[in-house]
Amino acid sequence: MRLNSRIHGAIDYGVVMFLLISPVYFGLATVTSTCTYILGIVHFFLTLFTKFELGIVKIIPFKIHGMIELGVAIILVGLGFYLGKLEGDLSKYYYLSFAIAVFATWLITDYNNTAKQ
């Protein structure tokens, strides 16, 4: 099964909500919380500016959106280990788990399939 751009966009907005509530829900430490809020805001703007059905401004091609998400997944692994050393295992496992989720979503998304806008 491959995700089309509409489903991927819906997932993106859900991810933004998840990132913005995670610090309080999981009781994340200060630096981890700050990174998570920043990531949520950046992901919100990436989604808003992507050229697909659920984008509003439609500047960033969906394929570029995918490349950015792949890069983010890789960076999240390093961030997880850094935050884990700084603030403990919860921070590490939160970011490693999130990296896996982002990478899995990237793997199953068809970045060539943009439905009618």
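Visitor: Why is Thr36 called buried?

Guide: Thr36 has a relative accessible area of 0%, and buried means under 20%, exposed over 50% and partly exposed in between, with a 1.4 Å probe and protein chains only. Thr36 is therefore buried. The model is predicted: local features need pLDDT of at least 70 and side-chain atom pairs pLDDT 80 or more, while totals for chains, interfaces and linings use all residues. Residues are numbered from 1 along each chain as its sequence is written, and side-chain values use heavy atoms, without hydrogens and water.

Visitor: What does Thr36 touch, not counting residues up to four places away in sequence?

Guide: Leu19, Ser22, Pro23, Leu28, Tyr94 and Tyr95, where contact means heavy atoms within 4.5 Å. Thr36 itself is found in helix α2; helices are DSSP runs of H or I with at least four residues, strands are runs of E with at least two, and both are numbered from the N terminus.

Visitor: What makes α2 roughly parallel to α4?

Guide: Helix α2 (residues 30-48) and helix α4 (residues 89-108) pack at an angle of about 20°, with axes 11 Å apart. Axes are lines fitted to C-alpha atoms, for helices over the stretch in contact, and angles run from 0 to 180 degrees between N-to-C directions. Angles under 35 degrees count as roughly parallel, over 145 as roughly antiparallel, 65 to 115 as roughly perpendicular and the rest as oblique. The α2 and α4 pair is therefore roughly parallel.

Visitor: Which residues of α2 and α4 meet?

Guide: Thr32, Cys35, Thr36 and Leu39 of α2 meet Ser91, Tyr94, Tyr95 and Phe98 of α4. This contact has 5 nonpolar, 3 polar and no charged residues. Here Ala, Val, Leu, Ile, Met, Phe, Trp, Tyr, Cys and Pro count as nonpolar, Asp, Glu, Lys and Arg as charged, and the others, Gly among them, as polar.

Visitor: Why are α1 and α3 called oblique to each other?

Guide: Helix α1 (residues 5-26) and helix α3 (residues 62-87) pack at about 45°, with their axes 12 Å apart. That angle makes the two helices oblique. Ser5, His8 and Asp12 of α1 make the contact with Phe62, His65 and Glu69 of α3. By class, 1 is nonpolar, 3 are polar and 2 are charged.

Visitor: How do you know that Lys58 counts as partly exposed?

Guide: Its relative accessibility is 26%, so Lys58 counts as partly exposed. Lys58 lies in the loop between β1 (50-51) and β2 (60-61).
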